Amino acid sequence: MAYLRSILLNLVRDEARRVSRRPEQEEMGEDLATSEPSPLEVAVGREALERYDAALAKLSEEQHEAVVLRVEMGYTYAQIAEAMALASTDSARMMVTRAIARMGRLMRPPEFRRG
């Protein structure tokens, strides 16, 4: 029994030493949080914007204009049809949809492209 008692006391002492070496943990304050993007988010955003611009440059002039009007300026399909003198709202919608689908394929990183 004395042997078991000394083992138990040594284990308790070891645990007490281990806990005392660990630094105190404090909760992070609200003042440490930031709403600014992280460096990774900035890099990924910059890369995506470069891919967007490159894909936009590969579209026809008409598709380019339609995408800019819809995505960047927030035009409705009716407004796009009017601004570009298209036959109907549906033709504007189809032009934008096809152009954005093509841009999606062009914007994929090379390792994810088929072909």
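Colleague: At what angle do α3 and α5 pack, and how far apart are their axes?
Modeller: Helix α3 (residues 61–72) and α5 pack at about 95°, with the axes 9 Å apart. Axes here are lines fitted to C-alpha atoms, for helices over the stretch in contact, with angles from 0 to 180 degrees between N-to-C directions. That makes α3 roughly perpendicular to α5, on a scale where under 35 degrees is roughly parallel, over 145 roughly antiparallel, 65 to 115 roughly perpendicular and the rest oblique.

Colleague: Which residues make that contact?
Modeller: From α3 they are E62, Q63, A66, V67, R70 and V71, and from α5 they are M95, V96, A99, I100, R102 and M103. Contact means heavy atoms within 4.5 Å. By class, this contact has 8 nonpolar, 1 polar and 3 charged residues. Ala, Val, Leu, Ile, Met, Phe, Trp, Tyr, Cys and Pro count as nonpolar, Asp, Glu, Lys and Arg as charged, and the others, Gly among them, as polar.

Colleague: Before I go on, where do the numbers come from?
Modeller: This is a predicted model, where local features need pLDDT of at least 70 and side-chain atom pairs count only at pLDDT 80 or more, while totals for chains, interfaces and linings use all residues. Residues are numbered from 1 along each chain as its sequence is written, and side-chain values use heavy atoms, leaving out hydrogens and water.

Colleague: What is the mean pLDDT of the chain, then?
Modeller: The mean is 85, and 91% of the residues reach 70 or more; pLDDT is the predictor's confidence in each residue, from 0 to 100. Confidence is lowest in α2, at a mean of 84, and highest in helix α4 (residues 77–83), at 95.

Colleague: Back to packing: how does α2 sit against α5?
Modeller: Helix α2 (residues 39–57) and helix α5 (residues 89–107) pack at about 125°, with axes 9 Å apart. The two are therefore oblique to each other. On the α2 side the contact is made by A48, R51, Y52, A55 and L56, and on the α5 side by M103, L106 and M107.

Colleague: And by class?
Modeller: That contact has 7 nonpolar, no polar and 1 charged residues.

Colleague: How many helices and strands are there overall?
Modeller: There are 5 helices and 0 strands, counted as DSSP runs (H or I, at least four residues, for helices; E, at least two, for strands) and numbered from the N terminus.

Colleague: What box do the C-alpha atoms fill?
Modeller: Roughly 95 × 40 × 25 Å, taken along the principal axes.
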